[in-house]
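Please look through the sequence and the structure before reading on. The text after them takes up a few features in turn.

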Amino acid sequence: MYEFLTNTWLLWLLSTSAALLWWRSRVSQLFRYIYHRYLLALGTLMLVSAIVFSLMEVLPGDCAEKMIAYKNTQGEVITQAQIDAERARMGLDRPLAVRWADWVSDLTLKGDLGFSCSKRQSVNAALGDRFWISFGFCIAGLLFAYLIAVPFGILSAWSLNKPWLDRKAHHAPARRLRNSLGLALSKCMDLQLRLISYLGLALPNFLLALSIILLYVFAGEPTPTGLFSEQWQGQPWFAASGFQWGKLQDFLGHIWLPILVIGWAATALQLQTVRALVVDESNKLYVEAARARGIDGVRLWARYPVKHSISPLFNSVGFDFQRIFNDLPIVAVVIGLTDAAALLIEALAMTNDQELAAGILFLVALAVISMNFITDVVLAIVDPRVRNSVMQGGGH
Amino acid sequence: MISLISRLHRRGQDRSEQYFTAGQFALIRARFLRNTTGVIAGTLLSALVLIGFFAPFFSPNAPGIEGANPDYRRGAPQAVRFCDANGCSLRPFTYTYVRETPKLDLSSLAGGDLSALDALTASGGLNASAQSRYVEQTDQRRYLQFWVSGWEYSLFSIDWLGIDIRSDIHLFGVEQGQIHLFGTDEDGKDVFSRTLHAIWVTISIAVVALIVKLITSLLVGGISGYFGGRVDAVLMAITEAVRVIPPIPIYLACAVALSQIELTPVQRYFAIAVMIGALDFTTLGRRLRTHILTERNQDYVLAARLSGASTGRIIWRHLVPSFSSYIIVDTLINFPYVILAETSLSFLGLGLTEPVNSLGVLLQKAQDPDIQQNMVWQFAPVGVFVLLIMAFVFVGDALRDAADPYSERRR
Amino acid sequence: MSLPEMFSEPLLEIRDLSIDFHTPEGHHRAVDGLNLNLQPGEVMGLVGESGSGKSISAKSIMRMLPSNAELTPQSRIRLHTGKHWVNVNALHGRDLRLVRGGQVSMIFQEPMASFAPAIRVGDQVVETIQLHTGADYASARRQGIELFDRVGIRQPEKRFDQYVFELSGGMRQRAMIALALSTRPRLLIADEPTTALDVTVQAQVLELMLELREQFGMAMLFITHDLGVISRIADNLTVMQQGRVVESGSCNKVLFAPEHDYTRRLLDALPQLDNLPPAPAKTPAPLVSIRDLSIRYPASGPGQQPFQAVSGIDLDLPAGQIIGLVGESGSGKTSLGKALLGAAPISQGEVCYRFDSPLTLSAGRRVRRKPLARMAQLVFQDPYSSLNPRMTVRDIIAEPLLALGLCRNKAEVDQRVLEVARRCHLDVTHLRRFPHAFSGGQRQRISIARALVVNPRFIVADEAVAALDVSIQADILALLKSLRDEMGLTILFISHDLSVVANLCDHVCVMQHGQLVEQGSVRDIFLNPQQAYTRTLIGAIPTLQPPAERALPVAIEVSPRA
């Protein structure tokens, strides 16, 4: 019994939550929407797993060959028959659809991502917490991008339709000068920031990482590659003397580089998005109506166009995450990280380890889909506009 | 075209009539030209594209191994000067260079002392960069010449039409020897010429990829948007699933698969472009679908339907023109992303490879510690690359602002 | 009815107001030398059509000009705060609040768009009260709810905490009014406050504004294009045309003894209920018969209900007449019009055309598009979205000819297009232009020309003049009449505007909630309505009020703030 439960725990979890949502959905329109969204997310996940799994078929070689090749290095002589036998033993001779069904059922029953041939251990074990490291990097990069893009995107939107100089004839000359200075300053800021953020896009991130490392080389300092320097590599976080602050410091001294590199590239896109969203909102009539009521300055911008453009921005978090993870593998190679992204490159380009690569890609997709699900649900609860359209009917 | 717009801007009387008879592209152009950064970036971009397209004319040396300068391997960039200690000249010039034979003290080796050999190796005297050190002969000027004839190239050729205009005229060269503005690489190939040639290769690969992307997007978006219902649901579910998977790993997997197949460099080049384009249909496809869904319900489409227009006529005469401008703008905005995808692949050695001359291939060299330390000039393509991408991004930005000429004209 | 003499100081004084617009197409002067005086408690009607500069003048009082507009240096706007004069043009920073909400506030045309969608309506009211009076939240909220109650919103506490899309159209405009009144302004600018509303709601809102004017005693600048509306509320009128004042004076003088041609044109557009055409001796044979027609739109998504727009309508449309189809928004009149042309899903019943070769539309049968398009055409409501912006006018008009393959060659098409363009009074030299070069009225002519180019016998005009200015409406209506008289065209004219219907139609049908309420000749319906709903509709028409019937001079009470 216990074994049965441990072997099927994920399925129970998934179906229980589905049942709970369904039960609530009979009385509440909101839960009805969440339930539909939940089923949709599960369906998309199935599709993703199928796509990822069949895509990995294009990688040359299979597990049997690798196993045998490994034995070969041990000095045994291998025949084609042996390879075929190994293939049959591992079930690799079955059609793609059957193997996929096998993989997916293991996945949905107990969250088992399969077996990595090159690592000769299960994918779950091979990944360990490396996936969480990558996840952390992406989130940090995302935060970095938002921190820069949101305020300056708003500034950019604000100064978009402003002139460089104040030419209003009925303003006193002193005021015109002051206004002109302010306008020109904000225009310059905007232009400069756009230039810098676009530079993040134009400099391929591997080049950026390389050049920063080169600077360290030229300066004769130790390069901040990897996660820790050698000194702290093997040390535990908690030693006899309590928490190792030195290790934390060392850690922070290393992770800023990948975060900066991937965050910078994402900033340009975010800046454009924020700018477009805020410009869109600020042209709406309700902003003018608010201005006509005497609301002005920061208060006007913060409460009206900015507040109203947060939801669509928040809604895109999932795909922003995907875009950032997209950049991570190459950066990981350059910087010498050992996270899931680096493992992905290794599995794809060097060891051709299908199940490992499929597992990592699936996890990323899972993260994106869950984020989309969460943002949709949160928006349906928080944003009255979304809630209204949800309440109107199943609305997708 | 440009003159049309300037007339549209300046003249009072017939200006209004020109505005009234201006179609959507003329309106977009007029709005684009009001954006200063956009115009500057646009000029730069057209200059780069032009230089890229006529790269053989602008480059003094052949980019391949046939144009390599065996007498100037690993050579530093040659500065072009107007003045030096011997006075000034109106014609720019460079200097003659001589290879400096390193004076190795081989006498100590005579005794067969191994430690002496070690010391020699450690001193770096034997490595390639020390072996090729060049000294400028400041008393021997080489004057720059313009409109010189040199190696023959084909200026413009369309194979299947049998058109091939050949020429051997180059914009500039030097009296004797060769000129290397960006220096040379380890084979003596001219970095400047390679960079110019790479621009066009990179742009053309992006063009191929974007065309393929356009076709797939149009197929997916068009079918989904026009038929709606179940077809739409299935197609959108697949699109959604593809959309959540990060694309570069997918490209990688496909590139690895491609590397298993025997391909000529040209075939490989096309295969990669097609692959990048074909997998990138999600965003544009979805947008086209939404666009068609909304546009389909516009009054003017209903008007066409009630006028008795057939489905084909509605699509061709009314729907396609309505998103053509949008497609063009979107394509331009996506140029940098496609170029970046290509460079990322090349950087990992899975995209284009050496004999082909793309910016990605040139950037790949940045990984090489030898180049990082001894041939910094090989980083010059990076500058050109950044310039190209920035130009594209700024032009895309300005176009995006100018794109929908009918949005603000209500009332 | 002179204004009380005790107010020696006017409230607002505008002198030589001129506003220039800088557009990519060049400079143009939107307002030219406007002079205007407003006494405390006075209601000034500012009348004009789109482009006359009335809204932009009002916005300049609040210093809300768009960034590409500029005041000329000699423009003067002064506001008397009750203690001293303020030069509005010299205000800046915090002081601007005096004219933005403090002493002056504004009601916008579209209440839906003027409330922020993601902030509770009440919070926007509280924010405004707090900003101007410095009251604490609780008392601001109390004031707000009291105001909601006062403007006739039922369950004010509940409504106060709702979002704008949860309120009905009339309620939104009431909330907008409450918001504008929340700071106790001395001047209320109302920019077409009733235009976007249904007739019956419009009447209620107008009633409310009259009441509030009596209670609060603030001055009002009431901007509208509708002389019927303004005659009920204003003391004085200023009529503007293309940025200039053409006539001004007391309401009675301007409305009943107009001096300027333009004012007379505006007045002519009002319904003359005492001058309706007599019913034709015998009703002509029907061209279109509608039998037991129901229209049901399928559900647009999972979990949604199908929408029944029209149920069981029987109707005959007499040939050679203009038939008015009247109803408020949501009554199903547009669906009915579209169903006649095969553009809405018929779920039951049929439509029979008595053309030379009869044609029937019914549920489940495929529409024979081409023969139908040859005979029946549609003129759209929105002259902007119904013309493909990417085609020249010539191509737009020629489209039905080409689509139906009615012409053998290009010369014949051009010939036909020229003919129709002249018929619709379009300048034929403009045929090469794109739609963006034309004003709303001209666009509607293009739309009519497109409908006429195939020589149809039946036209559905769906709110064809609703988006147009009054004087342009008159031109289009005259064009429609001449088409009926000269070409024997049958026109189904769908409208929510009873004044237009009264002036144009021969036969009127009234719809409510997808059902036909009443039909008959214009005279019958307007002078002798049988159904209660029809009576309400007709009672709500904003007709010109003769001086005797106007409300007695309002006793102006100084607002409590003084």
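What follows describes a pair of helices and then a sheet.

The model is a predicted one. In chain B, helix H12 covers residues 282–296 and helix H14 covers residues 311–347. Two packed helices are described by the angle between their axes and the distance between the axes. For H12(B) and H14(B), the angle is about 150 degrees and the axes lie 11 Å apart. Because angles over 145 degrees count as roughly antiparallel, H12(B) is roughly antiparallel to H14(B). Their crossing is right-handed.

On the side of H12(B), the residues making the contact are B:Leu284, B:Leu288, B:His291, B:Ile292 and B:Glu295. H14(B) contributes B:Leu319, B:Ser322, B:Phe323, B:Tyr326 and B:Asp330. Sorted by class, six residues of this contact are nonpolar, two are polar and two are charged.

The sheet is in chain C. Its order is E13-E12-E15-E16, four strands in an open sheet with antiparallel pairing. Which strands of chain C are at the edges? They are strand E13 (307–318) and strand E16 (359–362), each of which pairs on one side only. From one strand to the next, the twist averages 10 degrees.

Within this sheet order, E12 stands next to E15. Strand E12 of chain C spans residues 286–297 and strand E15 of chain C spans residues 346–353. The two pair in the antiparallel sense, over six bridges. For C:Ser289, the bridge partner in E15(C) is C:Cys352.

Key
Residues numbered from 1 in each chain as written. Chains lettered and ligands numbered in written order. Predicted model: local features only at pLDDT ≥ 70, side-chain atom pairs only at ≥ 80, totals over all residues. Axes fitted to C-alpha atoms, helices over the stretch in contact; angles between N-to-C directions. Parallel < 35°, antiparallel > 145°, perpendicular 65-115°, else oblique. Left-handed = near helix turned anticlockwise from the far one by under 90°. Contact = placed C-beta atoms within 7 Å. Nonpolar A, V, L, I, M, F, W, Y, C, P; charged D, E, K, R; others polar. Pairing = 2+ DSSP bridges.
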